[in-house]
Amino acid sequence: MKEFFAVDTHLGYSESSSVIAREVDENNLKEQEDYTKKMQEYENRAKLPPALNAVRVVCNVLALILLCGFLFGLTLSENGKGIEGILYCLFGVSIFFMLIAFLLSRYRKSRAKKVAKDEGYLALIKEGERIYDKCVASLKIPSSAKPIDVFLYVYSTQSGDERPVSKTVKYVNTPVKAFSEANCVMVADLQVVFALKKEWFKDFEIIPEKVTFNCWNKDEGYGANEYRKYAIKPTATGALSVKNCYKFILEKDGESFAIVIPPYDGEAFLKLTGIKYKKGK
């Protein structure tokens, strides 16, 4: 079954492109692009330079390994092996690496605080609010629209086969606004509004397996009380995973498609589609 919100990086096309109801004009789009570039510059200034960040990560890892070696060595020492000198060295070096990692973390925080107080950054935030309001008005997104996340599938076609672009995540987590308009479920970002006819929605199912995605979009962290029950967890690659996503099945022009919504927004989207619970759901 094809993903409805999907992008082929080679063709630049997705099925959702065929149901665009409204889109911002070129001037608004240019403003968004310029804003994104400027904001990215400030975000880079707030982060550690790549080389220093790599040093921080390596120091954390080495400190953990050496500390584990020290603790393991204590058990051997208790058995009369007499390796106290080596243990002191392991402990001392682990503390040294921990100190470096700590100082680099403090430096990272100081950079972020400096950017947060920068007048240019504060002015850019206000500019972003103006662009946001302008786009919302242009796209006619009502204030009652629900902010939800939609999982976007990004793939490439090679020798006729579809392959996810990323090897670490399956989906790109995309914040949108969803609302009803006439007989359609409208899904909007700040560039386009998609119109999905409610008659296309046939059913939904819960995906019990873990689904990986790239980032968290909500204001509160995924560990907050509101989201704790969904057991969202970081992966070894720095991505996130979650179980029990909602998979909505729709039929358009004789083809079946799927829309995947994370569990914390599944109920809100379900209400918009008008699909009724069936026995066993």
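Figure 1. Leaving out residues up to four places away in sequence, Ser 16 touches Phe 4, Phe 5 and Phe 194, where contact means heavy atoms within 4.5 Å. Ser 16 is buried, with a relative accessible area of 5%; buried means under 20% relative accessible area, exposed over 50%, and partly exposed in between, with a 1.4 Å probe and protein chains only. Helices (H or I, at least four residues) and strands (E, at least two) are DSSP runs, numbered from the N terminus. The model shown here and in the other views is predicted, so local features need pLDDT of at least 70 and side-chain atom pairs count only at pLDDT 80 or more, whereas totals for chains, interfaces and linings use all residues. Residues are numbered from 1 along each chain as its sequence is written, and side-chain values use heavy atoms, with hydrogens and water left out.

**Figure 2. Helix H1 (residues 26–46) and its buried side.** The 21 residues of H1 should span 30 Å at 1.5 Å a residue, and the end C-alpha atoms of the helix are 30 Å apart, which agrees; the expected span of a helix is 1.5 Å times one less than its number of residues. Asn 28, Gln 32, Met 39, Tyr 42 and Ala 46 are the buried residues to look for in H1. They cover an arc of only 90 degrees around the axis, which puts them on the same side of H1, the arc being that of the directions from the helix axis to the C-beta atoms. These buried residues pack against helix H3 (84–116) and helix H4 (119–139), while the face of H1 turned away from its buried side carries the exposed residues Glu 26, Asn 27, Lys 37 and Glu 41. At the N-terminal end, H1 is capped by Asp 25, which has a side-chain oxygen 3.2 Å from the backbone nitrogen of Asn 27. A polar contact is a pair of N or O atoms within 3.5 Å; within protein, one must be able to donate a hydrogen and the other to accept it, and residues adjacent in sequence count only if both atoms are side-chain atoms.

**Figure 3. Helix H3, one of the packing partners of H1.** With 33 residues, H3 reaches 48 Å from its first C-alpha to its last, close to the 48 Å expected at 1.5 Å a residue. Its buried residues are Leu 87, Ser 94, Phe 97, Ala 101, Leu 104, Ser 105, Arg 111 and Val 115.

**Figure 4. The largest pocket, which holds about 890 Å³ of space.** The lining consists of 25 residues, of which Tyr 132, Thr 174, Pro 175, Val 176 and Leu 190 lie nearest the centre of the pocket. The elements that give two or more residues to this lining are H4, strand S4 (146–158), strand S6 (172–181) and strand S8 (192–197), and S6 gives the most, with five residues. On a 1 Å grid over the protein atoms alone, a pocket is an open set of points where a 1.4 Å probe fits, with protein on both sides within 12 Å along at least five of seven lines, and lining residues have an atom within 4 Å of a point.

**Figure 5. Lys 197 in strand S8.** Lys 197 is partly exposed, with a relative accessible area of 35%. When neighbours within four places in sequence are set aside, Lys 197 is in contact with Asn 183 and Cys 184. Although Lys 197 and Val 19 are 178 residues apart in sequence, their C-alpha atoms are 9.4 Å apart in space.

**Figure 6. Thr 273 and Lys 271, both found in helix H6 (residues 263–273).** Thr 273 is buried, with a relative accessible area of 4%, whereas Lys 271 counts as exposed at 66% relative accessibility. Apart from neighbours within four places in sequence, Thr 273 is in contact with Val 185, Lys 198, Phe 201 and Phe 248. A polar atom of the Thr 273 side chain also lies 3.2 Å from the backbone nitrogen of Ile 275.

Figure 7. Ala 231 counts as partly exposed at 44% relative accessibility, and Asn 244 is partly exposed with a relative accessible area of 41%.

Methods: Grid points are joined across faces, edges and corners, and a volume is the space filled by probe spheres set on the points.
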